[in-house]
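Have a look at the structure first, then read on.

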Amino acid sequence: MTIDWLPDRGIRRAILTLGAAGLAVIATGALIEALWLLGLGVWAVIAAMMIELVYRP
């Protein structure tokens with residue numbers, strides 16, 4: 001039986017939230033054809049991936 005460490009769950013939740021928000025912004029930007037929203041969403045997804053890569057224990 002493994003016990004999740006509380007800060008790990010918080011970081012994981014933050015990564016998933018940031019990634020999901022980034023994907024939602026990308027989809028919205030694509031629908032209304034706004035490049036600045038696409039760029040913002042891409043940077044949010046990149047930030048989520050960087051946090052995942054740096055934080056990975």
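This is a predicted model: local features need pLDDT of at least 70, side-chain atom pairs count only at pLDDT 80 or more; totals for chains, interfaces and linings use all residues.

Which residue does the Arg12 side chain meet in a salt bridge? That would be Glu52, at 3.2 Å from N to O. The two sit 40 residues apart and link distant parts of the chain, with Arg12 in helix α1 and Glu52 in helix α2. Searching the whole structure turns up one salt bridge.

As for the overall fold, the protein chain has two helices and zero strands. Here are some numbers for the chain:

| Property of the protein chain | Value |
|---|---|
| Share of the 57 residues that count as buried | 16% |
| Accessible surface | about 4,600 Å² |
| Part of that surface on carbon and sulfur atoms | 75% |

Now for α2, with its 21 residues: the first and last C-alpha are 30 Å apart, close to the 30 Å expected at 1.5 Å a residue. Its buried residues are Leu37, Gly41, Ala44 and Ala48. These cover an arc of only 55° around the axis, which means they lie on the same side of α2. An α-helix has 3.6 residues a turn, so residues three or four places apart point the same way. The other side of α2 has Leu35, Trp36, Trp43, Leu53 and Val54 exposed.

There's also a nonpolar surface patch, made of Val42, Trp43, Ile46, Met49, Met50, Leu53 and Val54, with about 750 Å² of accessible area together.

Terms used
Residues are numbered from 1 along each chain as its sequence is written. Side-chain values use heavy atoms; hydrogens and water are left out. A salt bridge is a side-chain nitrogen of Lys or Arg within 4 Å of a carboxyl oxygen of Asp or Glu. Helices (H or I, at least four residues) and strands (E, at least two) are DSSP runs, numbered from the N terminus. Buried means under 20% relative accessible area, exposed over 50%, partly exposed in between (1.4 Å probe, protein chains only). Accessible areas come from the Shrake-Rupley method with a 1.4 Å probe; for residues, only the protein chains shown count as cover. Patches are made of residues with over 30% relative accessible area and no salt bridge: like charges are joined within 9 Å, nonpolar side chains (Val, Leu, Ile, Met, Phe, Trp, Tyr) within 5 Å. The expected span of a helix is 1.5 Å times one less than its number of residues. The arc is that of the directions from the helix axis to the C-beta atoms.
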